[in-house]
Amino acid sequence: MPELPDRTRRRVVITGLGAVSPVGIGADVFASALRAGADGTGPIQSFDASAFPRRKAGEVLDFEPADHLKRLDPRHWGRSGLLAAAAARLAVADAGIDEGLLAAGRAGAIMGTTSGESAVAQALAEQWLADGLPSIDGELAGQTPASRIANAVSAELELAGETQTIPTACSASNYALGYAYDLVRSGEAEVMLAGGADAVNRLTHAGFYALGAMAEDLPRPFAADRSGIITGEGGAVLLLETLEHARARGARVYAEVLGYAANCDAAHMVHPDAASIAECIRAAHRNAGVAPEQIDYICAHGTGTPTNDSTEVTAAREVFGDRIPPISSIKSMLGHTMGAASGFGAIACCKALEQDFLPPTANVTEPDPALGEGVDCIPGTGREARLEIVQNHGFAFGGNNVITILGRVS
């Protein structure tokens, strides 16, 4: 293979974090809640769930878009786009970057999603069912394209760079993070915003219930008594820039993006494939230039379904052997935030590197012995630990797997 030009070796770091989550708004609030093992789930309030036997979700109950946004009129944007834009605004503030530098750095927005503007689609469906197709609100219909999630970020921040929404379901934020990393590393952009957003809605809730994947009460990834997921929502955004750019403006650096890998086994619509996940992990290690023994922590996909958790541990054993790093799932606290999930995982990894702690798997009293020896899911609350290199998992229906590797910058 020919030698790559020097511009492809630019180091890419994360300097801003924006979290609009079921356990709090803002990266510091989010991190404190994770350390405490906080429960962000509760009775669904965004739609009438009384017909469902299971009625809990991880909702952002205290989210008022106007409290965070300066340019977007919330009346003209769907909830997913508003969650993304608010998280992006928080990430920019957290990075301490002048908005003029965003324009000069050809900044753009890459956002992931599972269900797009699902809350908008739900409202339109309700109008149609109540009064027929002619009754639907045309302006509301114009808010349905999933592309508007990334567009909301760029419109709110007046970004002129590449703007894309990646709809690869529950691994989408990791895809977005990897793509943004490539754009900055290659010199196509100096600064990028990456992450994902989704909103709680009837369709997603009904779908997972119909699949038999809905938890009875609480999500308990890796636990002996785990029974499934609880749907969630939120916006998770990270600001990426070159290390040189960050140092020139005196920015705080949370982590360096060392590399990532993506693959798609497409072996089954919903069943994850351990061999394919293991190969994705190995490819991520190769691309990041790290060895398995250097990984200090795995932020797992960890949905809490019996199949996902056992498959994820099997894949980890293929790569790490008997020395599986501590592996936990923040979905135990947030619920499954769909396209935002691995974005929240990346934020958790950055805060873990900054604050020297292992995020926990809440609600677990007895880890599943069937997962085998050596599985430390950090049950209950966070634990102090010095971390150097961490690994963030994102998996999705259809076999879409993405692994991102983040490291401490000395």
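A cavity is a set of grid points where a 1.4 Å probe fits but cannot get out, and its lining residues have an atom within 4 Å of a point. The close-ups below come from a predicted model.

**View 1. The largest cavity and its lining.** The structure holds one cavity of 30 Å³ or more. The space in the largest cavity comes to about 60 Å³. Its lining is made by Cys-299, Ala-300, His-301, Ile-330, Lys-331, Leu-334, Thr-337, Ala-341, Ser-342, Gly-345, Asn-392 and His-393. By class, five of the lining residues are nonpolar, six are polar and one is charged. Three elements, helix H12 (331–334), H13 and S14, each supply at least two residues of this lining. H13 gives the most, with three residues.

**View 2. The largest pocket.** The volume of the largest pocket is about 450 Å³. Its lining counts 28 residues. Val-270, Pro-272, Thr-305, Asn-308 and Phe-397 lie nearest the pocket centre. Helix H11 (306–320) and S14 are the elements that give two or more residues to the lining. H11 provides the largest share, three residues. The class make-up of the pocket lining is twelve nonpolar, 14 polar and two charged residues.

**View 3. A nonpolar surface patch.** Leu-211, Met-269, Val-270 and Phe-397 make a nonpolar surface patch of about 390 Å². Two of these names return from the pocket view: Val-270 and Phe-397 are among the residues nearest the centre of the largest pocket. Met-269 sits in the loop between strand S9 (255–264) and helix H10 (274–288). Is Met-269 buried or exposed? Met-269 counts as exposed because its relative accessibility is 61%, and exposed means over 50%.

View 4. Across the whole structure, a search finds 25 salt bridges. One joins the side chains of Arg-89 and Glu-156, at 2.8 Å from N to O. Arg-89 lies in helix H2 (residues 79–95) and Glu-156 in helix H6 (residues 148–157), so this pair ties together parts that are 67 residues apart in sequence. Both Arg-89 and Glu-156 are buried.

**View 5. Asp-94 and Arg-252, a second bridge from H2.** In this salt bridge the closest N and O atoms of Asp-94 and Arg-252 are 2.9 Å apart. Asp-94 belongs to helix H2, while Arg-252 is in the loop between helix H9 (243–248) and S9, so the contact ties together parts that are 158 residues apart in sequence. How accessible is Arg-252? With 39% relative accessibility, Arg-252 counts as partly exposed.

**View 6. Asp-356 and Arg-386, a bridge between loops.** The side chains of Asp-356 and Arg-386 meet in a salt bridge, 3.7 Å from N to O. The pair links distant parts of the chain, 30 residues apart. Asp-356 is in the loop between helix H13 (341–355) and strand S12 (357–358). Arg-386 is in the loop between strand S13 (383–384) and strand S14 (389–396). Asp-356 counts as partly exposed because its relative accessibility is 26%. Arg-386 is exposed, with a relative accessible area of 53%.

**View 7. Positive phi at Phe-222.** Phe-222 is not a glycine, yet its phi is positive, near 70°. Phe-222 is placed in the loop between helix H8 (202–210) and strand S8 (234–242). Is Phe-222 buried or exposed? Phe-222 counts as buried because its relative accessibility is 0%.

**View 8. Positive phi at Asp-356.** Although Asp-356 is not a glycine, its phi is positive, about 60°. The loop between H13 and S12 holds this residue. The Asp-356 side chain is the one that meets Arg-386 in a salt bridge. At 26% relative accessibility, Asp-356 counts as partly exposed.

Note on methods
Residues numbered from 1 in each chain as written. Predicted model: local features only at pLDDT ≥ 70, side-chain atom pairs only at ≥ 80, totals over all residues. Heavy atoms only, no water. Patch = residues over 30% accessible without salt bridge, like charges linked within 9 Å, V, L, I, M, F, W, Y side chains within 5 Å. Areas by Shrake-Rupley, 256 points an atom, 1.4 Å probe, with all protein chains shown as cover. Salt bridge = Lys/Arg side-chain N within 4 Å of Asp/Glu carboxyl O. Helix = DSSP H or I, 4+ residues; strand = E, 2+ residues; numbered from the N terminus. Buried < 20%, exposed > 50% of the residue type's maximum accessible area, 1.4 Å probe, protein only. 1 Å grid on protein atoms, 1.4 Å probe; cavity = no way out; pocket = protein on both sides within 12 Å on 5 of 7 lines; lining within 4 Å. Points joined across faces, edges and corners; volume = space filled by probe spheres on them. Nonpolar A, V, L, I, M, F, W, Y, C, P; charged D, E, K, R; others polar.
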